[in-house]
Structure formats: structure tokens, C-alpha cells
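Me: I have a model open here and would like to go through it with you. Could we start with the ligand and then look at the backbone?

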Amino acid sequence: MKIIPRKSLQGRLRVPGDKSISHRAAMIAALARGRSLLSNFSTSADCASTLDCLRALGVSVERDGTTVVIEGRGGDLSAPSSALDCGNSGTTMRLLAGILAGQTFSATLTGDESLSRRPMRRIIEPLELMGAKLSSQEGHAPLTVNGQRPLRAIDYEPPVASAQVKSCVLLAGLQAAGCTRIRERVHTRDHTERMLRWFGVPVEEREEGGVRLIALHGPKRFSARDISIPGDISSATFFLAAATLLPGSELVIEEVGLNRTRASVIGFLQKLGADIQIERARVECNEEIGDLRVRGVERLKPTANGANIISGALAAELIDELPALAVVGTRVAGGLEIRDAAELRVKESDRIRTTVENLRAMGAEVEERPDGLRVAGPARLRAAHLESYGDHRIAMAFAVAALTADDASELSGAASVAVSFPEFFDLLEAVSE
Ligand code: S3P
């Protein structure tokens, strides 16, 4: 796909429903008793994979655009007649494994080539501690889960900061006898905790010596409830980045999820000198939501010492936003450094490598590190032949970079945006000047 540079972004838009929240809404509604109506459900291919897997497990799922009606099975799913295809979606595979661990049958989860390369031991270990039996290809999919009922509750500290691992254990915990507890040193996104509470399941949370304890008592049955899903802040990030980098832009992104464990990108961009305002902030269905008004700026200059370093807990909070932020970093006085983000290497692509390759193709000065990168700035990016590497967020981050380049760029594999944001290029066209 050819991407031509633009002067500015103008107008208003809505991004699709949050992918992380949509997966959880569908899975938890499937376990509830009765009918739940989910509005503004994500249009992503990943969330469609979750719905297809749930159908294969005997759940009635009706979909009309972004409205999904789920008839919950009250905790008891049916054995699927064939393998459950999770496509490109790590969240589908890891969270569903937690649900399957407590069922009375065995099921196999498969995925595409990229998902089959991603690490699964991080969920196999806790689920086996809970009493389920799992087999894999040396820690990779296909993953067969032999359910056990009831599971044993565990007190578990995941060795990696991962909301998917935490959520997998909590969903298994719904089907375990006793108190399942997760210990988190780095707070990861808390949509599962909030969604469970929305469905009436008590989830306790407290801090103890810098560790966050999250606990629920099982086994737990609960009733259906309707839910409305906010716009996806990770998708909105590409528009925040593009509008910031194109001076003269003024864009309003409506109804975006602003959950504290997801919205660090706003504060981080503001510290680099971006002009972003939150309007109409409110809480809906246990999640913060609001509109974001972003205006382009002539230059980005960190407002404090160290504001252009992403490390520690911030790196975990910004994990999905890092490719787009690396692109922004090329325009920041003093550049941008990303540390403590080795997890990027096991995402849909090795996002350190794929970000560095594309930045270099555009003439940026970048240093690749085992756990991150350092990009020099401010510099103007050159038009280039860009590669998505089949990774939706790499495709969108470099579409943004191409908008700011000196001439037209070519992006290969642009269709991969459908994994999280099929409307991306149409919306971009609609607001570009
Ligand atoms: C997600 C958690 C994160 C994130 C992914 C979605 C979730 O993954 O990168 O896009 O919905 O829980 P990890 O849990 O592997 O960090």
C-alpha cells in the first residue's frame, strides 16, 4: 500500500471497541447464567476468533455488527468437535486455556504461525499447579488442555508482568475450590478484575509491601449482565501520535477507554510536549471513558529530565504502544529510550527488531538493545519501503511514520491491521488533509 505524507489530521472519529475488554466480556458472559448484550464489541479479527471458539464450545453467540448477544452456559461448556482456532490472538489462547482448565473435557487450542511461536509455559505452569493437565509443543501451541473439576486454588506470582497470565489464572480460579490469589509487582491492565465485578463476582485487591494482591473465591457461579465497551486506547494511540506529529492538526477521538492501567500513553505524550486534553470523562460499566482532543505541535521537547525514557513499570503499561512511541521518539529533542521491554520480542512479531528495521529504513539513527532500543531525535523521516512483518501494530505505527515522511512510502502487509483495527486506513483517510 502506498502512503503519502499529509499536512494534518482534522475532525472527529471513534475507534472500535477495546480489544482486551471485548475478549473478556465475551468469555465472562459465556460463563454467566443467562443472556448478556455486549455493545460496541471490537471489530478486530482477534475478538472474532474468541467468538468462534466460544461457539465451538456450545455457546450461542449472535452478532449484528458491533452488538453481540451471548447466551451464557452457567460455567459448563461443551466439548468441541475439533481444535479451537485462536488465529493470531494470544489473549484468546491464554484466557480460554484458563476457562478450559476447569471443564470436564479436553480441548486443543491452535493458532497461526505467529501465535504458534509465542510462549505458553507462562500459563501451562500455573494451570498445572491448579490440577489441570496440559500438553504443548515444547511450550508452544498447539496446546491441549485436559480440564479438571474442581481445580485447586493457588497463590501465584507470575514470573512475567502479564495481564494475560493473571487473567488466565483468575478465570481458572472461578472454577477452583478456595481462594485464588495473584501477586503482581508490576500492575498490569485490570480489565478482568473490573469485568468480573461488573458481573457480580467479588474480586478483592490490596497492596502489601509494594505487591498488589488480587483474590477471588471459587467455585463461583454468576448471572448475565449487559455491557457497553469503550473505544480502544491502543488503537487511538496511532491517531494521537499522527496528530501530534503533524502541526496544525486538531482531532477529537470520542469515547475512548481511559482505564489507568491502559492510559499511560496520554501522560507520557504530554510529558514529551504533546497537546492532549481529556473531555467528558466519566465511568461506564466499571471502566473510565472520555473524549481525547489532540492538537499537533511544532516540536516535542521533554518537559522534565528523564521524560524521554520508558522503563520499569511504565514499559509494561505502555507495552502495546511502544512501536508507535518509538516513531514519535524520532521527533523528540534528545530522542527516546525504551528499556525493560524484552516482552516486545515475543509479541505478534519481535517488535524490537521490526521497529528498528523500519526506523532504519526511514533513515533514523537507532540502537537495538536486548530489552529495548534508543532512537535519536529530532530527525525527519525519509520515505521508504516499510514492512509490517504480519504484525498489526507495526503496520499502523509505520503508516503513521509514513504520513510524516518527506515523500510517499510503500507499506507491505498493510492488511494485517485487521487483527485489531480493520477500519484503520479508512478512518485515517477520512481525517487526513
Ligand atoms: C493483553 C495483555 C498484553 C497485551 C496484549 C493484550 C490482554 O499482553 O500486550 O495486547 O488483553 O490481557 P501480555 O499479558 O502478554 O503482556
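Me: How far is the N or O atom in the side chain of Lys347 from an oxygen atom of the ligand?
Reply: Bearing in mind that this is a predicted model, the separation between a ligand oxygen atom and an N or O atom of the Lys347 side chain comes to 2.7 Å.

Me: And what about the side chain of Arg24, how far is its N or O atom from a ligand oxygen?
Reply: For Arg24, a side-chain N or O atom is placed 2.6 Å from an oxygen atom of the ligand, and Ser20 likewise has a polar side-chain atom that lies 2.7 Å from a ligand oxygen.

Me: How much of the ligand does the protein bury?
Reply: The ligand exposes 380 Å² when taken alone, and 95% of that is buried by the protein.

Me: Which residues are closest to the ligand?
Reply: The closest are Ser20, Arg24, Ser162, Asp320 and Lys347, out of 13 residues that surround the ligand. Sorted by class, this shell holds six charged, four polar and three nonpolar residues.

Me: Which helices each supply at least two residues of that shell?
Reply: Those are α1, covering 19–31, α3, covering 90–100, and α6, covering 163–173.

Me: Why does the ligand lie between the two domains?
Reply: Residues of the shell come both from domain 1, which is made up of 2–16 and 230–431, and from domain 2, which spans 19–228, and therefore the ligand lies between them.

Me: Switching to the backbone, which peptide bond is cis with omega near 0 degrees?
Reply: That is the bond from Ala141 to Pro142, and Pro142 itself belongs to strand β9, residues 140–146. The bond from Gly218 to Pro219 is also cis, with omega near -5 degrees.

Me: Where does Pro219 sit?
Reply: Pro219 is found in the loop that runs between β14 (211–218) and β15 (227–228).

Me: Which residue has a positive phi although it is not a glycine?
Reply: Glu138 does, with a phi of about 50 degrees, and its place is in the loop between β8 (133–137) and β9.

Note on methods. Residues are numbered from 1 along each chain as its sequence is written. This is a predicted model: local features need pLDDT of at least 70, side-chain atom pairs count only at pLDDT 80 or more; totals for chains, interfaces and linings use all residues. Side-chain values use heavy atoms; hydrogens and water are left out. A residue is near a molecule or strand if one of its heavy atoms lies within 4 Å of it. A polar contact is a pair of N or O atoms within 3.5 Å; within protein, one must be able to donate a hydrogen and the other to accept it, and residues adjacent in sequence count only if both atoms are side-chain atoms. Accessible areas come from the Shrake-Rupley method with a 1.4 Å probe; for residues, only the protein chains shown count as cover. Helices (H or I, at least four residues) and strands (E, at least two) are DSSP runs, numbered from the N terminus. Ala, Val, Leu, Ile, Met, Phe, Trp, Tyr, Cys and Pro count as nonpolar, Asp, Glu, Lys and Arg as charged, and the others, Gly among them, as polar. Domain bounds come from an automatic or database domain assignment.
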